[in-house]
Amino acid sequence: MSPLVVAAAICGSLAGAQEQERPNILLFIADDMTWSDAGALGNPIVHTPNLNRLAQEGTTYTHMFTATAMCSPTRHMIYTGQYPVRSGAWPNHAHAYEDTRSVVHYLTDLGYRVGLAGKLHVNPESVYPFERIGGWSLEFDPIGEFIGRDPEQPFALIVGSNEPHLPWDKGDPSRYDATQLELPPWFVDTPETRDALTRYYAEITYMDGELGRILDLLEQHGAHENTLTMFYTEQGIGGPFAKWSLYDAGVRASLVVRWNDRVPAGRTSSALLQANDLLPTWIEAAGGVPAPEIEGQSMLDLLLEAGPEHRDVVYGIQTTTGISANLEPYPIRSIRDEQYKLIWNLVPGNRFTNLITEQGNGGFYFSWRDLGETDAHARELFERYQHRPEFEFFDLEADPHEMTNLAEMAEHQERIAAMLEQLQAWMRDQGDLGLQTEIEAPTRQGRQ
């Protein structure tokens with residue numbers, strides 16, 4: 001055999017080894033699931049054996065934040081690595097700018113096949129040309145075919161569950177005793193609230209069954225050991241002070257990551273992360289270099305080395321543009337570090353409206369109103385959801401549930417001013433100007 005042939009064979013073997021070292025990538029996204037509502041995430045009442053197993057085999061990140069607690073902008077953020085204004089996807093049900101590149105482009109360029117099963121909720125197709133695997137409901141046979149199709153080519157797969165998004169009609173609520181539930185402090189304790197939570201928890205358990213089937217498919221096709229597997233809770237429950245808000249119950253998420261023995265097992269990290277950090281992490285794990293237009297920060301070193309820090313602050317941008325039953329604009333912006341959060345309600349004179357306030361979506365908010373006729377605490381929470389001051393400031397160490405607004409306290413004014421200045425600088429960089437009324441689209445100032 002000639003030296004050239006031998007050299008070619010060696011090069012081919014090396015290339016094959018490098019190809020095998022690149023991980024498959026799988027992200028399972030829950031739909032409107034509060035960050036702590038699973039056995040492994042802090043709520044032992046909720047039955048989630050598959051997620052619990054995944055957490056035991058990997059690392060749980062308890063402080064991952066979306067910038068906006070709505071389904072479509074959150075997914076745009078994950079898939080583009082950009083904040084919502086930068087990509088154009090700041091309202092709900094949004095379209096990204098046509099020249100935006102997404103995970104499909106970046107990972108296809110690195111030799112991956114990139115598929116999406118289940119919920120999509122992003123547009124246009126030119127920005128998100130996923131290989132679609134079945135429809136909006138998860139179809140497990142086609143998912144298995146995609147995973148096992150070509151062991152020589154790495155895959156990236158997004159699995160978008162539709163649960164536990166309202167209307168909470170899947171699973172078995174009878175396994176949860178409404179009288180024994182521990183309610184979050186931002187909820188009013190009424191029979192309707194407790195009943196709603198049994199249906200919501202039942203749907204989380206149903207979703208956990210879907211996750212289990214996906215994990216089983218990875219094992220059946222021998223892909224589980226070399227797949228960077230992630231579970232993400234998306235954003236909070238479709239209820240007051242959660243989804244559509246910038247409170248932690250809305251924008252905070254949990255991320256569970258398993259990657260063979262490369263990610264420590266059974267560990268928990270409180271490092272501050274933002275949802276646009278996922279895409280550059282995948283690109284770097286695949287052997288690429290994140291493009292300059294990606295605003296997220298790769299967390300690959302954090303995954304592998306278990307470092308305690310990642311970001312100093314995370315940002316929030318919530319608009320009521322595009323959501324159902326929105327009667328008047330209500331833009332909100334926020335900045336949060338490890339201990340403090342500043343929320344800026346840009347048009348505090350308006351009323352915050354959505355399906356919950358206008359139609360009682362979820363089946364329990366109106367019970368707060370009724371109880372509020374005789375109960376001052378119920379009346380206060382019912383009103384606070386719709387009417388807020390311009391600034392809200394919280395010490396998250398002393399008040400993790402954001403129940404006490406410290407914005408008027410003299411001892412916090414210097415910190416509030418500094419955080420507001422930093423928030424406004426970020427808004428200017430994003431082109432997030434003139435959105436106080438949300439009547440006009442944001443500028444593309446600062447768009448790279």
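How many nonpolar, polar and charged residues does the lining of the largest cavity have, by class?

## Before we start

This is a predicted model, where local features need pLDDT of at least 70, side-chain atom pairs count only at pLDDT 80 or more, and totals for chains, interfaces and linings use all residues. Residues are numbered from 1 along each chain as its sequence is written, and side-chain values use heavy atoms, leaving out hydrogens and water.

Helices (H or I, at least four residues) and strands (E, at least two) are DSSP runs, numbered from the N terminus.

## The cavities

Rolling a probe the size of a water molecule over the atoms shows where empty space is left. Here a 1 Å grid is laid over the protein atoms alone: a cavity is a set of points where a 1.4 Å probe fits but cannot get out, and lining residues have an atom within 4 Å of a point. Grid points are joined across faces, edges and corners, and a volume is the space filled by probe spheres set on the points. The structure holds 2 cavities of 30 Å³ or more.

The largest cavity comes in at about 40 Å³. Its lining is F65, T66, V251, V314, Y315, G316, S334, R336 and K341. β10 gives the most, with 3 residues. So what about that opening question? The lining has 4 nonpolar, 3 polar and 2 charged residues, where Ala, Val, Leu, Ile, Met, Phe, Trp, Tyr, Cys and Pro count as nonpolar, Asp, Glu, Lys and Arg as charged, and the others, Gly among them, as polar.

The second largest cavity has a volume of about 30 Å³. I25, V103, L107, V114, A156, L157, I158 and W282 line it, and β5 brings the largest share, 3 residues. By class, this lining has 8 nonpolar, no polar and no charged residues.

Now back to β10. An open sheet of 4 strands runs in the order β10-β11-β12-β13, with antiparallel pairing; two strands pair if DSSP finds at least two bridges between them. The edge strands, each pairing on one side only, are β10 (314-318) and β13 (391-395). From one strand to the next, the twist averages 10 degrees.

β10 is joined to β11 (residues 332-336) by 5 bridges, and G316 stands opposite S334 in β11. Helix α14 (residues 413-430) lies across β10, β11, β12 (340-345) and β13, at about 60 degrees to β12. Angles run from 0 to 180 degrees between N-to-C directions, and axes are lines fitted to C-alpha atoms, for helices over the stretch in contact.

Two packed helices are described by the angle between their axes and the distance between the axes. For α6 (residues 140-148) and α7 (residues 191-220), the angle is about 35 degrees and the axes are 10 Å apart. F140, I143, G144 and I147 of α6 meet E210, R213, I214, L217 and L218 of α7, where contact means heavy atoms within 4.5 Å. By class, that's 6 nonpolar, 1 polar and 2 charged residues.

α7 also gives the most to the lining of the largest pocket, with 3 residues. A pocket is an open set with protein on both sides within 12 Å along at least five of seven lines. This one has a volume of about 580 Å³ and is lined by 32 residues, with S36, P184, P185, W186 and H401 nearest its centre.
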